[in-house]
Amino acid sequence: MKFRKKLLSLGLAAAMVLPLVACGGKSEGNDGGAQGASSSNTSTEILTIDSITLKTSADSEGDYSDLSASIKILTNRTDIVDTVYKGYAEQFMELYPNITVEYEGITDYEESLRLRLTTGDWGDICFIPTSVSKEELKNYFISLGDFDTLDGIYNFCTEKSFEGKVYGIANGGTAGGVLYNKKVWDAAGITELPKTPDEFLDALQKISDNTDAVPLYTNFAAGWTMGAWDAYTDIVCTGDADFKNKMPHMKDPFAKRDDMTGPYAVYYTMYEAVARKLVEEDPASTDWESSKGAINKGEIATMVLGSWAVQQCKDAGDTPDDVKYMPFPITVDGKQYASAGGNYGFGINAQASTENQIASMIYVKWLVEESSIYTDEGSIPARKDQPLPDVLADFSGVELLSNNQAPAGEEDLFDNVNLESEVGINNDDYPDCEILEAALYGTKTLDELMGEWNAKWTSAQETLGVEVTE
């Protein structure tokens, strides 16, 4: 399975060797954005998302107000694609009646997008899948503007930028932490939130001993929910915004540390919870959609997912106030950290017509700046001048950091080492699933697994000629 996924990712790059040309005649995967459509109140050229003036009411002025286009957006949010997302489209079309907006929900999003991107025939806007490396961004998506400019306006631009250009604007952001049902935790006699892996495991044991709730629900069957653990393997477990940039040069980054920090501590938390039977009885039978209602009702005590999931779980039952969010239980030199990272980024198809590229850019800008999407989802807004969500109330004293931009010339180094090693951090759920299976069946110790990961990492460094300095 790991080998197959690697071939698919490499196949994306191979399939897009030829230049991608928009209908306006300009080669895309470029320095700028869409060009060439006419409008009654702007010039005939648009280069960046920040240069657009939006209509904010039916009688207000705005760029490209007479532009006619029909755009399609792909999303993984099948639960709200026909309700909430349809509502956003309807609000937008009241302002821009000549632009038709249609959503398509996709259940197996990551796997489907791996294949559909290679055709170019996937619509106009999508959530950029994690399988697309930074160096591949320009092959599939238009540039939305210069990094130096957009980074001053939007959060998380680093994540979808390459060689000074930004190719995706985050659909909000999340903080790395843990979902929990406070009523269940209180009933178990837990009076303070855990700050270390062992304190967390002790809390799960109290929940097991004193309540009927599943202490930690892994959502193993969904697959992608296991990959969520990878999000805690840089800032959260190290307090270092440069850790991800250092990893390609590190010797044995998955080795155990005496102070129980670093990536090993993250996977230790998962492995031990499974090995101690503090999770659901049959991980293979889990169900993501029903788990949201179960944690709302108190049938589940805890789930390790980004803060994006909080609002979904609040909305899934009659006791939303019981659903809370805590920092991930790792402390570095007496302090806890949380990674503030972007959700999926909105990317615009480099092979779409020029008119559709411009219409898509207008819609993306309207979504992230004018719609209620961040309030509705309880996520960190894309714009830097908007406030943090209420779901982070338990993060008082926790420092929120985002990964720093990689050094010049190394923008894709982490992606390359990660892919070559097949460790799959944040782009392949299978290695995390292997950890759970090893813990469940006792086939390998965590030290053995992390030793294998270190060996793969070293092999990738050698294959790619990466200097090991850390």
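Which residues in helix 11 meet which residues in helix 17? In this predicted model, Tyr-267, Met-270, Tyr-271, Val-274 and Ala-275 belong to the helix 11 side, and they meet Asp-432, Ile-435, Leu-436, Ala-438, Ala-439 and Leu-440 in helix 17. By class, that contact has ten nonpolar residues, one charged residue and no polar ones. The axes of helix 11, residues 262-275, and helix 17, residues 430-441, come within 8 Å and cross at roughly 35°, and the crossing is right-handed.

Let me turn now to the aromatic rings. A pair of aromatic rings is described by the distance of the centres and the angle of the planes. For Phe-254 and Trp-457, the centres are 5.7 Å apart and the planes stand at 90°, so the pair is edge-to-face. Phe-254 lies in the loop between helix 10 and helix 11, whereas Trp-457 lies in helix 18, 203 residues apart, and the pair therefore links distant parts of the chain. Phe-254 is buried, at 0% relative accessibility, and Trp-457 is buried with a relative accessible area of 0%.

In a second pair, the rings of Tyr-325 and Phe-395 have their centres 5.6 Å apart and their planes at 10°, so this pair is stacked. Tyr-325 sits in strand 13 and Phe-395 in the loop between helix 15 and strand 16, 70 residues apart. Tyr-325 is buried, with a relative accessible area of 1%, and Phe-395 is buried as well, at 5%.

Key. Residues numbered from 1 in each chain as written. Predicted model: local features only at pLDDT ≥ 70, side-chain atom pairs only at ≥ 80, totals over all residues. Heavy atoms only, no water. Axes fitted to C-alpha atoms, helices over the stretch in contact; angles between N-to-C directions. Helix = DSSP H or I, 4+ residues; strand = E, 2+ residues; numbered from the N terminus. Left-handed = near helix turned anticlockwise from the far one by under 90°. Contact = heavy atoms within 4.5 Å. Nonpolar A, V, L, I, M, F, W, Y, C, P; charged D, E, K, R; others polar. Phe/Tyr/Trp six-rings, centres within 6.5 Å; stacked < 30°, edge-to-face > 60°. Buried < 20%, exposed > 50% of the residue type's maximum accessible area, 1.4 Å probe, protein only.
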